[in-house]
Each structure stands twice: as C-alpha cells, then as structure tokens.
Amino acid sequence: MSCVYPAFVVILISTVYATYLAFNLLPQIRAVNGAQAGEYFYTPSEEELYGVLVSFHVFFGMFISCFILASTSSPGYIPRETSEDRKRWVDGDFEISDADDNRVKEIIQDVKADLKESQMIAWLKSIVILERKKQYGYYRHCSACNLYKPDRTHHCRICDRCILRMDHHCPWISNCVGHRNYKTFLLLLFYAIATISFVLGEMARRLVYSFRPIMNTTTFLLEDLIVIVVYLLCLFLFIALAMFFTFHMNLTLNNMTTIELREKKNNSDPFIVHRFKVAHTKFDNGYWQNFTDVFGPPWMWLLPIFPGGTGTYLGSYAGKHAHSRIESKTDV
C-alpha cells in the first residue's frame, strides 16, 4: 500500500507531461518548422519556442529530482554513531545540573512565566533538552525505539522510527518529512508549482482553441476534451499546491512544524500550549535565521542540497555550565 500514492503521482505527472507535449509543444515545433505554419492554434517565434522548451524542462527536471530525493532520502534519525550520542540518547545522560533541570521544570509548570525577557531566552536556548513530557518536566523517552528523544523528535507509527524534527508523514512520497529532507520537500512543492505554471500559461491558447466549433467528434474526444480535463486538473493542483506551499513557508519562517502547530500551539490544553511556547523560544531565531536554517546560504536555496546540522537541537549548555561554575566560585 505504501507505493500506491507515489504510483498515482507518477501516473498523474506522466499524464500532464504527455498532454502538454503532444497537444502543445509538438504542434508548435511542427508549426515553427513549417509543417503546419498558420494551420494550428499558435505559431511562436523560434526564440520563444526554444526558450520555453529549455525553461520548462529545467523546472520539470528539478521537480522530478526533488520528488525522487524526497521519496528516497532519510528524514533524519536519532544518532547513535558516537559514544557521546549513545550517552545522551541511549543512557539519557544530558549533563544538566540539578539546578538548571529543576528550573526547567518550574518554568514548564508556570503558565505565567515571562518568556520574553532576554536573559530568560538566552538561558532557554542553552539547555540541551528543553522539550519535556507533560507538565512535570520528565525527559521524553520512546518505548518503541528505546531511546530518549531530542527536542522536536517524534515517533512515526508508519515508519516505526523516531524522526528528527518530524513535520509529518507524507503518503504521496511514501516517506516521513523531517530534518534532513524538509528542504527537499519544500523545493518539491516549489518546482511542482513552477512546472504547473508553465503548463497553465503555455496551454491557455490551446484551451481556447479547444472550444472552436466541433467539426470532427473523434478529434474533440481524443484531443480537445483531454486538453480541457488536464487543464482543469492542473488549475486545481496549482491552487492546492500554492496554498500548501504558503502554509509551509509560514511554518519555516516561524520555525514550526505541522505537528507543533496542530498538536501543541493550537491545543486546548493550556499546559501543552505553554510547553510549546517554552520550547519554541529555544528554536525561534527570527525570520531570516529560521529561513536560512532550512534553506542554507543564498546560492543553495534552489538546489536540493542538505544545508547541514544534526537535527538534535542541542543547546549551548557547555558554555552555560562553565558560566555557572564561575558564578558559583564568585559566590563562595
């Protein structure tokens, strides 16, 4: 069943591409070459035709590449390669002082805590593990994977693994969308919208031509009707994907995931909402930094290249711990 949705997407892509090629691009190529000049719906200039051919297939090629990468690449799993990783995620040893750990628990339980004060924000960003279980502040542990969860990690019941910065499980690519493939997923949406935009723009004249008086029923059923149906389908997909892409770009700019928005920020339980606000204080670094955290430097924005990062969202606790030792010596 996991291959049904991706197979449907492949069939849909093939249908749209074949229709666009057979009833729009190829007739224009024949018209430019003089085979049907003046006899078909539109004869572009040679420069326009080759410009469209190259531009469309660049976007289409990037779309196919992102679809394959998003479907096959790892979304990111809890690391266990090093002894330090195993110390944290297997043994649950996060080297957090009792004072800091107790303070985290107090803040989590206090729904009136001031989370906008600059020193509070800096301290929260320094904590190794800030997301805790319920309002009592226990570390989150996955019984299925037998691992402690880094911040923003969730267990996917379909993949049966804990996913770093899990956004959602996407049936259309038969894969989880997480830390390592979230950018590829966003680019998949972007290039899908760009490709469909080309189809809608270039086939607009062909669509109008389909409504000419019916002189041949066979031609209408095998050509014009297919063009009309595919054009309407592309129009629907363009609207749906544009809305979905806008939704995810808003999440990206605010450094949120779909799970965090739906299950935490919009939850009716005030304790869950408060725990989300505490954790989000650690992750949110402003629109620009949030964007570059996902897309990387400007030269990398439109390329399906992973920008890096472990996805465990470890705070700068070492520096904070050193600062605490200095303060302790000063107090003595």
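Me: What does buried mean for a residue here?
Reply: Buried means under 20% relative accessible area, and partly exposed lies between that and 50%. In this predicted model, E260 and R152 are both buried.

Me: What links E260 and R152, and how far apart are the closest N and O atoms?
Reply: Side chains of opposite charge can pair when their charged atoms come close. Here E260 and R152 form a salt bridge, with the closest N and O atoms 2.8 Å apart. E260 sits in helix α9 and R152 in the loop between β4 and β5, 108 residues apart, so the pair links distant parts of the chain.

Me: Which residues do salt bridges with shared partners join into one network?
Reply: Start with E223 and R206, whose closest N and O atoms are 3.7 Å apart. E223 is partly exposed at 27% relative accessibility, whereas R206 is buried at 0%. D224 forms a salt bridge with R212 at 3.0 Å; D224 counts as buried at 3%, and R212 as partly exposed at 27%. Through shared partners, R206, R212, E223 and D224 form one network.

Me: How are helices α1 and α2 oriented: roughly parallel or roughly antiparallel?
Reply: An angle over 145 degrees counts as roughly antiparallel. The angle between α1 and α2 is about 170°, with the axes 12 Å apart, and the two helices are therefore roughly antiparallel. The residues of their contact divide into 17 nonpolar, 2 polar and 1 charged.

Me: What covers the buried residues of α2?
Reply: The cover includes α1, β8 and α6. Among the buried residues of α2 are L49, F56, F60 and A70.

Notes: Residues numbered from 1 in each chain as written. Predicted model: local features only at pLDDT ≥ 70, side-chain atom pairs only at ≥ 80, totals over all residues. Heavy atoms only, no water. Axes fitted to C-alpha atoms, helices over the stretch in contact; angles between N-to-C directions. Helix = DSSP H or I, 4+ residues; strand = E, 2+ residues; numbered from the N terminus. Parallel < 35°, antiparallel > 145°, perpendicular 65-115°, else oblique. Nonpolar A, V, L, I, M, F, W, Y, C, P; charged D, E, K, R; others polar. Buried < 20%, exposed > 50% of the residue type's maximum accessible area, 1.4 Å probe, protein only. Contact = heavy atoms within 4.5 Å. Salt bridge = Lys/Arg side-chain N within 4 Å of Asp/Glu carboxyl O.
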